[in-house]
Amino acid sequence: LIYSCRKPKTKRAKRFLEKREPKLKENTKNAMLIKGGNANLTVTEVLKDIYAVKKPFAVLYKKKNITRPFEDQTSLEFFSKKSDCSLFLFGSHNKKRPNNLIIGRMFDYHVLDMIELGVEKFVSLKDVKNSKCPEGTKPMLIFAGDMFDVNEEYRRLKSLLIDFFRGPSVPSIRLAGLEYVLHFTALDGKIYMRSYKVLLKKSGCKVPRIELEEMGPSLDLVMRRTHLASDDLYKLSLKQPKALKPKKKKNISHDVFGTTYGRIHMQKQDLSKLQTRKMKGLKKRPAEKSAESGGVSPKKSKSG
């Protein structure tokens with residue numbers, strides 16, 4: 001790491017370095033939104049709206065940065081180390097690639113995946129006149145279209161979008177907190193991004209009636225260039241520390257329905273000596289007792 005060789009001189013610097021150290025459970029991924037040297041008004045508005053959706057886990061760079069991520073990635077890696085961000089969205093505009101967005105993620109402060117998208121249609125947050133969700137609302141993500149499961153590039157884009165918009169991990173869910181939906185549809189070579197506000201209406205029973213109200217931003221995207229990590233590097237980025245892996249419990253198995261089965265190992269038992277319920281019908285007869293003892297049972301002497 002960039003800060004591993006430094007020694008803190010103050011307590012504040014020590015806290016800063018401890019915050020950046022590797023952890024078993026990493027913090028929520030932050031995203032940096034960077035404007036290219038020739039970004040137009042549409043790209044600038046897209047970055048602002050994505051920043052509003054992603055807040056507070058995002059950093060917006062307002063100054064223009066003359067860089068080309070597909071040709072030189074050093075500037076992106078520098079900004080990643082500076083702002084401690086593992087996700088990025090770069091916006092640019094030129095004659096060859098108008099209204100261009102590059103979405104990507106980092107692994108160990110190096111670019112892992114990077115996909116270039118072109119904006120064909122854009123409706124901003126301020127163009128849709130209705131109420132908005134509060135800042136920091138965790139969205140529900142919905143993906144529609146066979147391409148997200150069939151095509152490798154679209155599968156990697158789906159993983160990248162989930163990484164970008166998923167927000168913090170939560171231990172429990174509150175029904176009233178499910179108020180924001182991001183919907184991605186892959187159809188005819190295009191990706192349609194729509195965002196909705198969830199309205200819970202009265203239905204006359206315990207389960208409310210759900211309605212979706214378009215909130216913005218709305219984007220029609222087309223895939224352009226891709227820079228995908230190799231299978232080995234991608235597998236390495238998904239590796240979990242041993243402390244987080246669940247320990248295997250012996251003699252316990254689960255079926256497809258989630259039912260738990262346990263296996264018990266017992267010593268070999270003699271069922272003839274098994275204690276049963278005392279009943280007259282289960283009492284042994286004298287002949288059976290004598291057969292077990294191997295001889296004839298002695299007769300009782302009659303009393304005179």
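Of the 304 residues in the protein chain, 32% are buried, where buried means under 20% relative accessible area, exposed means over 50%, and partly exposed covers what lies in between (1.4 Å probe, protein chains only). The model is a predicted one, in which local features need pLDDT of at least 70 and side-chain atom pairs count only at pLDDT 80 or more, while totals for chains, interfaces and linings use all residues. Residues are numbered from 1 along each chain as its sequence is written, and side-chain values use heavy atoms, with hydrogens and water left out.

The protein chain contains 7 helices and 12 strands, these being DSSP runs numbered from the N terminus, with helices (H or I) of at least four residues and strands (E) of at least two. Its radius of gyration is 33 Å, well over the 19 Å that the globule rule gives for 304 residues, so the chain is more spread out than a compact globule; the radius is taken over C-alpha atoms, and the rule is 2.2 Å times the number of residues to the power 0.38. Taken along the principal axes, the C-alpha atoms fill a box of roughly 130 × 60 × 40 Å.

Salt bridges, each defined as a side-chain nitrogen of Lys or Arg within 4 Å of a carboxyl oxygen of Asp or Glu, number 14 by this rule. One of them joins R97 to E116, with the closest N and O atoms 3.4 Å apart. Because R97 lies in the loop between β3 (87-92) and β4 (100-107) while E116 belongs to strand β5 (residues 110-123), this pair ties together parts that are 19 residues apart in sequence. Both R97 and E116 are buried. The loop between β3 and β4 also holds N99, which counts as buried at 16% relative accessibility.

In helix α5 (residues 152-165), R156 and E152 are 4 residues apart and are thus separated by about one helical turn, and their side chains meet in a salt bridge with an N to O distance of 3.5 Å. Elsewhere, salt bridges that share partners join K29, R105, D113, E152, R155, R156 and D163 into one network.

L199 is located in strand β8 (residues 190-201) and is partly exposed, with a relative accessible area of 22%. P217, in the loop between β9 and β10 (218-227), counts as buried at 1% relative accessibility, and its C-alpha atom is separated by 8.1 Å from that of M193, 24 residues apart along the chain. Over a sequence separation of 157 residues, F70 and H227 are 7.7 Å apart, C-alpha to C-alpha; F70 is found in the loop between β2 (58-65) and α3 (74-83) and is partly exposed, with a relative accessible area of 21%.

Two surface patches are described next. L175, L200, I210 and L212 make a nonpolar patch of about 400 Å², and I210, which lies in strand β9 (residues 209-214), is exposed with a relative accessible area of 57%. K11, R12, K14 and R15 form a positive patch, of which K11 is found in helix α1 (residues 11-20) and is exposed, with a relative accessible area of 69%. Patches are made of residues with over 30% relative accessible area and no salt bridge, like charges being joined within 9 Å and nonpolar side chains (Val, Leu, Ile, Met, Phe, Trp, Tyr) within 5 Å. Accessible areas come from the Shrake-Rupley method with a 1.4 Å probe, and for residues only the protein chains shown count as cover. Lys and Arg count as positive and Asp and Glu as negative, without counting His and the chain ends, and the place of a charge is taken as NZ of Lys, CZ of Arg, CG of Asp or CD of Glu.

The backbone geometry remains to be described. Most residues other than glycine have a negative phi, and most peptide bonds are trans. The peptide bond from K55 to P56 is cis, with omega near 5°, and P56 lies in the loop between α2 (41-54) and β2. D84, in the loop between α3 and β3, has a positive phi of about 55° although it is not a glycine, and it is partly exposed with a relative accessible area of 28%. N99, also a residue other than glycine, has a positive phi near 50°.
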